[in-house]
Amino acid sequence: MGSPAVDKHGAADFLGITVPTVSRRIAAGTFPQPDFHESMNSQPTDWWTVKTLEKYKRALARKPRKRRK
């Protein structure tokens, strides 16, 4: 069995950020590509595996944070 998968809301919960933040990062190209897409009731949904999100979270932890002025 593969790694469990979550949608945008689950990804936000897993990472401890808001859904709008996930959406902004997707739009900016700074969020991982979804592992797969699914269309339910003509609504496309992107899915990320927990493994992908764990890797992304580790990469974020290694980056120095920008200081706000």
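Two strands count as paired if DSSP finds at least two bridges between them. In this predicted model, five bridges join β2 to β3, and the two strands run antiparallel. Both belong to an open sheet of three strands. Helix α3 lies across β1 and β3, while helices α1 and α2 pack with each other.

**Sheet**
- The strand order is β1-β3-β2, with antiparallel pairing.
- β1 (5-6) and β2 (36-40) are the edge strands, and each pairs on one side only.
- Strand β3 spans residues 43-49.
- F36 stands opposite W47 in β3.
- Strands of a sheet pair through backbone hydrogen bonds, either parallel or antiparallel.

**Helix α3 and T52**
- Helix α3 covers residues 50-62 and runs at about 65° to β3.
- T52 lies in this helix.
- T52 has a relative accessible area of 19%, and buried means under 20%, so T52 is buried.
- Its side chain makes a polar contact with the side chain of T49, at 3.0 Å.
- T52 also touches P32 and D35, leaving aside residues up to four places away in sequence.

**Helices α1 and α2**
- Helix α1 takes in residues 8-15 and helix α2 residues 19-28.
- Their axes are 8 Å apart and meet at an angle of about 105°.
- Angles of 65 to 115 degrees count as roughly perpendicular, so α1 is roughly perpendicular to α2.
- From α1, the contact uses K8, H9 and A12.
- From α2, V19, V22, S23 and I26 take part.
- The residues of this contact divide into four nonpolar, two polar and one charged.

Note on methods
Residues numbered from 1 in each chain as written. Predicted model: local features only at pLDDT ≥ 70, side-chain atom pairs only at ≥ 80, totals over all residues. Heavy atoms only, no water. Helix = DSSP H or I, 4+ residues; strand = E, 2+ residues; numbered from the N terminus. Contact = heavy atoms within 4.5 Å. Axes fitted to C-alpha atoms, helices over the stretch in contact; angles between N-to-C directions. Buried < 20%, exposed > 50% of the residue type's maximum accessible area, 1.4 Å probe, protein only. Polar contact = N/O pair within 3.5 Å; in protein donor to acceptor, adjacent residues only side chain to side chain. Parallel < 35°, antiparallel > 145°, perpendicular 65-115°, else oblique. Nonpolar A, V, L, I, M, F, W, Y, C, P; charged D, E, K, R; others polar.
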